[in-house]
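Trainee: Could you show me how to read a protein model, one feature at a time? I would like to start with the strands.

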Amino acid sequence: EFPRVLSLAECVPIDRLIGPASQKFGNSARSWRSLERWDNADLDGGTSDLFRAWSPNVALGSPDPYLRAAAILMPIDALIWRGAMHRMGLLGTGEFVITPTLDFTGRFPNLDTEPGWHLGEVHIDHMTEGSVAGTVRVWADDSTYLSVGTSHNLLIPAHDRWASVES
């Protein structure tokens, strides 16, 4: 049975969650209208804590299989940053990190379904002061398993980046 997850209406919008960091977001980030923290087992049967988020399917209705795949890859890569912020306890605070991608892979068990939303779950596999690696699984809003991806990213505090730009 597909475990109960928070509805989109119950989730925290991204602008409110990241608002204290005083960051500006483009249209792509704002499309992530709802986010959700979740500390129970993931949908794949694991027991580790994770960060879960809803993402709209921006390729809905497209016949292009590459575009549909890209729409699934987007939450895989983007959720590593949110998972790192969650693990560091920085979501909802004024602190901020950026996570440039070093290495990324994605696989697609099922591209037959065309959900209106994707549900992504990120599990942080390894984290140091300078990098983060995680696994993300993406599900359709009807509980169909769509993909799995892994990403290894740098961890750069935003204040360090802006300090180097100013100097």
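Predicted model: local features only at pLDDT ≥ 70, side-chain atom pairs only at ≥ 80, totals over all residues.

Trainee: What does β4 pair with?

Mentor: β4 pairs with β7, in the antiparallel sense, over six bridges.

Trainee: Is β6 largely enclosed or open to the outside?

Mentor: To judge this, count the buried residues, where buried means under 20% relative accessible area. In β6, nine of the 10 residues are buried, so the strand is largely enclosed by the rest of the structure. Across the chain, buried residues make up 43% of the 167 residues.

Trainee: Now let me step back. How many helices and strands does the chain have?

Mentor: There are four helices and eight strands. Reading from the N terminus, the order of elements is α-α-β-β-α-β-β-β-β-β-β-α.

Trainee: Next, the inside. Which residues touch the most other members of the largest nonpolar core?

Mentor: They are M85, V122 and V136, in a core of 23 residues. Several elements supply at least two residues each to this core: β2 (50-56), α3 (65-87), β3 (97-98), β5 (117-127) and β6 (131-140). The most comes from α3, which gives seven residues.

Trainee: What does M85 touch, setting aside residues up to four places away in sequence?

Mentor: M85 touches L90, L91, E95, F96 and V97. There is also a second, separate core of six residues, with C11, W54, W117 and L119 among them.

Trainee: How do I read a pair of aromatic rings?

Mentor: A pair of aromatic rings is described by two things, the distance of the centres and the angle of the planes. The count for this model comes to two aromatic pairs. In the pair of W139 and Y145, the ring centres are 4.9 Å apart and the planes are at 40°, so the pair is tilted.

Trainee: Are W139 and Y145 buried or partly exposed?

Mentor: W139 is buried, with a relative accessible area of 8%. Y145, at 26% relative accessibility, counts as partly exposed.

Trainee: What about loops? Where does T113 lie?

Mentor: T113 is in the loop between β4 (101-107) and β5. T113 and T144 are 31 residues apart along the chain, and their C-alpha atoms are separated by 7.4 Å. Leaving aside neighbours within four places in sequence, T113 is in contact with R68, A140, D142, T144 and L146.

Trainee: Where is G61, and is this residue buried or exposed?

Mentor: G61 sits in the loop between β2 and α3. The residue is exposed, with a relative accessible area of 58%. The C-alpha atoms of G61 and P115 are separated by 9.5 Å, while the two residues are 54 apart along the chain.

Trainee: What share of contacts joins residues at least 24 apart in sequence?

Mentor: Among contacts between residues at least 6 apart in sequence, the share is 65%.

Trainee: And how confident is the predictor in this chain?

Mentor: The average pLDDT is 77, and 71% of the residues score at least 70. Over residues 161-167 the pLDDT is below 50, and this stretch has two contacts in the model beyond near neighbours in sequence.

Definitions and conventions
Residues numbered from 1 in each chain as written. Heavy atoms only, no water. Core = buried A, V, L, I, M, F, W, Y, C linked by side-chain atoms within 4.5 Å. Buried < 20%, exposed > 50% of the residue type's maximum accessible area, 1.4 Å probe, protein only. Contact = heavy atoms within 4.5 Å. pLDDT = per-residue confidence, 0-100. Phe/Tyr/Trp six-rings, centres within 6.5 Å; stacked < 30°, edge-to-face > 60°. Pairing = 2+ DSSP bridges.
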